[in-house]
Amino acid sequence: FFQKTLTAVKNWFTLFGWSKGQNPISIPYSLRRDVCKVQMTSSEEKIFKQNLGKDTKTVYDMLFHLSGQLLPGITSRQSLPLDPVERMLQLHWQHSTLLAFLKSQGAYLPHVMPEFLLEPDDYKKWIKEQTVLKVGDVKNSDIFSDKHTFILEDSIFETMSKRAWTDVLLQVYKVFVLPRVSSCNITDLSSLESMQNMPRIKSEPLSSNIYSPYERTILTWLNKHYEKNRKTVWKDCQKGEVPPMRWIVNFDQDLLDGLVLAAQLAAYCPYLIATHFVRMYTNPRTPEQFLHNCLILVNAMHAVSLAIDIKV
């Protein structure tokens, strides 16, 4: 489950997370590695700098593209000290700032510590520094007694880091991408005569403990187009009758047979009906029929250049 989630997140951010087109990422490796564009060659002589390449894109570039905001105290051409410990402490501060910024925007990340976002070697330096501080600073031992330091083995740390970066990206999507969904273009469902008897999806914030108001707006949009188009799309269907009315309340089970998504695509590209959608099974029962429908759906997406790397 987590691997599928990670793959979906990686694909979305590779395609849509950056300005000027695609930028392949790997979670957590490229996100941990590409943290600055300028590297100091001397901690004393700051005149000399090594440019890591204008094309190096950092997580801060991604955040600026999606939110229009730079993190407090972090510039687009961030540099890091050469000294390994100072470099690690600077990165830890940057990650702390990143998490604080996301939380201020409504992200839910209580389980992600800044050190989980570091490279493995930097994480070991962080643990070493914390141990030295706790042992050496007896006077301030009370300060550190409440601060948990998680000492993780290498393999456990990699798993934790991968999970932490995945959750950070999911929360970035939640606070900066989902809120762009607007309900102003959704026609009132009551205007559709055939939907008078269908239960409404409430948009109030507390009406669901699973989906946000923005996600429920998308569900309303799916319901509207499916009900409006099912009789038009499949009136001349080659593999069944017009599919029955349905209430779409989730983003997994209700979309498995491809019919709901095909109805959305047909609403904007009606010319795909005759070339693709009439060949779909309108009452699929077997895995082969589900696969057949999804093959047609993906082919239709490719036909209109909607290349978002969705596998059948």
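Lys-20 sits in the loop between H1 and H2, where helices (H or I, at least four residues) and strands (E, at least two) are DSSP runs, numbered from the N terminus. The model is predicted, so local features need pLDDT of at least 70 and side-chain atom pairs count only at pLDDT 80 or more, while totals for chains, interfaces and linings use all residues. Residues are numbered from 1 along each chain as its sequence is written, and side-chain values use heavy atoms, with hydrogens and water left out.

Phi of Lys-20 is near 60°, a positive value in a residue other than glycine. Lys-20 counts as exposed because its relative accessibility is 82%; buried means under 20% relative accessible area, exposed over 50%, and partly exposed in between (1.4 Å probe, protein chains only). The loop between H1 and H2 also holds Pro-28, and the peptide bond leading from Ile-27 to Pro-28 is cis, with omega near 5°. A polar atom of the Ser-30 side chain lies 2.9 Å from the backbone nitrogen of Ser-26. This pair is a polar contact, that is, N or O atoms within 3.5 Å; within protein, one must be able to donate a hydrogen and the other to accept it, and residues adjacent in sequence count only if both atoms are side-chain atoms.

Helix H1 comes next. The end C-alpha atoms of H1 (residues 2-16) are 21 Å apart, in agreement with the 21 Å that its 15 residues should span at 1.5 Å a residue; the expected span is 1.5 Å times one less than the number of residues. Leu-6, Val-9, Phe-13, Thr-14 and Leu-15 of H1 are buried, and their cover includes helix H3 (59-67) and helix H7 (154-176), with contact meaning heavy atoms within 4.5 Å. In helix H7 lies Arg-163, which is partly exposed, with a relative accessible area of 37%. The C-alpha atoms of Arg-163 and Leu-6 are separated by 8.3 Å, although the two residues are 157 apart along the chain.

Finally, the segment after H11 contains Ser-305, whose phi is near 60°, again a positive value in a residue other than glycine. Ser-305 counts as exposed because its relative accessibility is 64%. Val-312 also lies in the segment after helix H11 (287-303) and is partly exposed, with a relative accessible area of 45%.
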